[in-house]
Amino acid sequence: FEPNVRLCQEKLLPLGIDFKECNTPSRIPYDNETFDMIINRAWEIFDARELYRLLKKGWNLCYTTGWRR
């Protein structure tokens, strides 16, 4: 979602937070066991196997489908 990509580039990159755009939820461009935590708010774009691959052992996943208006 292009507005979210721009927002992440503007807000996260200056803080040193690694951000990569990804349009294919089954092939996220990070190595195995990269993250301690993944937060997913895009409920329609979700591949549980891919998130499991990315999480370090003893992982945490926060998944929400709520929308703020």
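This is a predicted model: local features need pLDDT of at least 70, side-chain atom pairs count only at pLDDT 80 or more; totals for chains, interfaces and linings use all residues.

Colleague: In what order do the elements of the protein chain run from the N terminus?

Modeller: Helices (H or I, at least four residues) and strands (E, at least two) are DSSP runs, numbered from the N terminus. The protein chain has 2 helices and 2 strands. Starting at the N terminus, the order is α-β-α-β.

Colleague: What share of the 69 residues in the protein chain is buried?

Modeller: Buried means under 20% relative accessible area, exposed over 50%, and partly exposed in between (1.4 Å probe, protein chains only). Of the 69 residues in the protein chain, the buried share is 16%.

Colleague: Is Glu50 buried or exposed?

Modeller: Glu50 belongs to helix H2, residues 48–54. Its relative accessibility is 7%, so Glu50 counts as buried.

Colleague: Which residues does Glu50 touch, leaving aside neighbours within four places in sequence?

Modeller: Contact here means heavy atoms within 4.5 Å. With neighbours within four places left aside, Glu50 is in contact with Pro25, Ser26, Arg27 and Ile28.

Colleague: And which residues does Ser26 contact, on that basis of leaving aside neighbours within four places?

Modeller: Ser26 sits in the loop between H1 and S1. Ser26 has a relative accessible area of 38%, so it is partly exposed. Its contacts beyond four places in sequence are Asp47 and Glu50.

Colleague: Which backbone nitrogen does the side chain of Asp47 reach?

Modeller: Asp47 is in the loop between strand S1 (35–40) and H2, and it is buried at 16% relative accessible area. Leaving aside neighbours within four places, Asp47 is in contact with Pro25 and Ser26. At 3.1 Å, its side chain reaches the backbone nitrogen of Arg49.

Colleague: How are the rings of Tyr30 and Phe35 arranged?

Modeller: Rings of Phe, Tyr and Trp (its six-membered ring) pair if their centres lie within 6.5 Å; planes under 30 degrees apart count as stacked, over 60 as edge-to-face and the rest as tilted. The structure holds 1 aromatic pair. The centres of the Tyr30 and Phe35 rings are 5.0 Å apart and the planes are at 70 degrees, so the arrangement is edge-to-face.

Colleague: Which charged end sits over the ring of Tyr30?

Modeller: Tyr30 is buried at 15% relative accessibility, while Phe35 is partly exposed at 25%. A charge sits over a ring if NZ of Lys or CZ of Arg is within 6 Å of the ring centre and within 35 degrees of the ring normal. Here, 4.3 Å from the ring centre, the charged end is that of Lys20.

Colleague: What is the phi of Glu33?

Modeller: Glu33 is in the loop between H1 and S1, and with a relative accessible area of 38% it is partly exposed. Glu33 is not a glycine, yet its phi is positive, at about 50 degrees.

How values were computed. Residues are numbered from 1 along each chain as its sequence is written. Side-chain values use heavy atoms; hydrogens and water are left out. A polar contact is a pair of N or O atoms within 3.5 Å; within protein, one must be able to donate a hydrogen and the other to accept it, and residues adjacent in sequence count only if both atoms are side-chain atoms.
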